[in-house]
Structure formats: C-alpha cells, structure tokens
Amino acid sequence: MADAGDSRGWNPEELETWSAVATLLEWLPAVLDTQLRQDSEMSHFEFGILFALDQAEGNTLTMSELAGYANSSLSRLSRAVARLEKNGWAARRPKPDDGRITLATLTDEGAAAVRAALLGHTALVRRIVFGSLTDAQSRQLGAIARRITTAIDSQDAWAPPR
C-alpha cells in the first residue's frame, strides 16, 4: 500500500512493478503489430478478429460477440471487418432468423490467411514471451492476466474453446 505521505502515490515496489507492466503494455502490442503487418499484411487487431472467427463454431460470430472479444466498439470493429472483407478474408450477412443482427464469417481465404499468419505470430510469441519465462512463470503469467482481466470485466473476455 502506498504511504500516505508519498506524494507520488506509489511505494517503491508498486512503482517498480507498475513501470514494468506499463512498459510491457506499450511495447508488446507494437512488436506484435509490426510482425503481423510485415509478414501477413494485417494488424494485430485484425489477426485477433480472424483468429476468433477461426475458433468459433461454423467460423461465425455475431458482430456484437466479436466486439466483446476484441474489446472494441462496433464502429471500430465494423471498419476492421470491412478491411477484412476487402481482402476476401471475412464476410458479413444478416442473421437469417433476425435481420437486426449481423453475422461475421471467416472465408476460406481468411482461414488460409490466419493459418499463414499464425506461423510467424506463434514463433514471435514463443520467442519473446515464453522463451523469456520458465514453465512455472508462464503458468503464473496466465493466472495473473486472467485475474486482472476479470477485475476489469469478467463478462466479455475471450477464451479459447475447451
């Protein structure tokens, strides 16, 4: 707990930990984005959309579900899916039994693109994340990330199907 007399609001251990986390939050997305743009001509955000669709039953999710998984507004998601449609990687259509709901579906070309992107992405993540940690630290990182995500909002966090 921060000392009430500490004008910075942090005790030294909190400041050291938070500085490391804040740096990670800034650096990691940029590295992931750069690799995916160079190797696969997609952003990390677009890769996440394609990956979520690839993992979904029937390769299809409602735009609202996808926005929840991506922690995105519908307008940002809609612009991203429009780019994916332009590349032939995704398609949108009204839900057959409720035209007010829009479905996003991964195309065959999108499935090929996400699988091709996954090779370089996985290699990078293994090198910079898992290669920097022991197996026990990797498990701790997962547990810590889930706890923090749940503290923010437990409702919409994406999790791989079991």
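Q: How do α2 and α4 pack, and at what angle?
A: In this predicted model, the axes of α2 and α4 are 10 Å apart and the two helices pack at an angle of about 80°. That angle falls within 65 to 115 degrees, so α2 and α4 count as roughly perpendicular to each other.

Q: Which residues meet there?
A: From α2 you have F45, E46, I49 and L50. On the α4 side they meet R76, L77, A80, V81, R83 and L84.

Q: And by class, what is in that contact of α2 with α4?
A: Seven residues are nonpolar and three are charged, with no polar ones.

Q: I see L77 in that list. What else is L77 in contact with, leaving aside its neighbours within four places in sequence?
A: With those neighbours left out, L77 is in contact with I49, M63, L66, A67 and S72. L77 is also one of the residues with the most contacts inside the largest nonpolar core.

Q: Nice, tell me about that core. How many residues does the largest nonpolar core have, and which have the most contacts inside it?
A: The core has 25 residues. Along with L77, the residues with the most contacts inside it are M42, I49, L50, L53 and L66.

Q: Which elements give two or more residues to this core?
A: Those are α2, α3, α4, β3 and α5, the last one covering residues 108-128. The largest share comes from α2, with six residues. As background, nonpolar side chains tend to be buried together in soluble globular proteins.

Q: Let's look at α3 then. Which of its residues are buried?
A: Helix α3 runs over residues 63-70, and its buried residues are M63, L66, A67 and G68.

Q: How many bridges do β2 and β3 pair over?
A: They pair over six bridges, in the antiparallel sense. Within this part of the chain, K95 stands opposite D98 in β3.

Q: Where do they lie, and are they buried or exposed?
A: N59 is in the loop between α2 and β1, and at a relative accessible area of 27% N59 is partly exposed. N71 follows α3 and lies in the loop between α3 and α4. With 71% relative accessibility, N71 counts as exposed, because the cut-off for exposed is over 50%.

Q: What about H121, buried or exposed?
A: H121 is buried, with a relative accessible area of 10%. This histidine lies in helix α5.

Q: So what is H121 in contact with, leaving aside its neighbours within four places in sequence?
A: Apart from those neighbours, H121 is in contact with L32, Q35, L36, H44 and F47. Of these, L32 and L36 are in α1, while H44 and F47 are in α2.

Q: How do α1 and α2 cross?
A: The axes of α1 (residues 12-40) and α2 come within 8 Å and cross at roughly 75°. That makes α1 roughly perpendicular to α2. In their contact, L32, D33 and L36 of α1 meet H44, F45 and F47 of α2. By class, four of the residues in this contact are nonpolar, one is polar and one is charged.

Q: Last thing, the whole chain. How many helices and strands are there, and in what order do they run?
A: The chain has six helices and three strands. From the N terminus on, the order is α-α-β-α-α-β-β-α-α.

Q: And how much of the chain is buried?
A: Buried residues make up 28% of the 162 residues. As for contacts with a separation of 6 or more, residues 24 or more positions apart account for 49% of them.

Notes: Residues numbered from 1 in each chain as written. Predicted model: local features only at pLDDT ≥ 70, side-chain atom pairs only at ≥ 80, totals over all residues. Heavy atoms only, no water. Buried < 20%, exposed > 50% of the residue type's maximum accessible area, 1.4 Å probe, protein only. Helix = DSSP H or I, 4+ residues; strand = E, 2+ residues; numbered from the N terminus. Axes fitted to C-alpha atoms, helices over the stretch in contact; angles between N-to-C directions. Parallel < 35°, antiparallel > 145°, perpendicular 65-115°, else oblique. Contact = heavy atoms within 4.5 Å. Nonpolar A, V, L, I, M, F, W, Y, C, P; charged D, E, K, R; others polar. Core = buried A, V, L, I, M, F, W, Y, C linked by side-chain atoms within 4.5 Å. Pairing = 2+ DSSP bridges.
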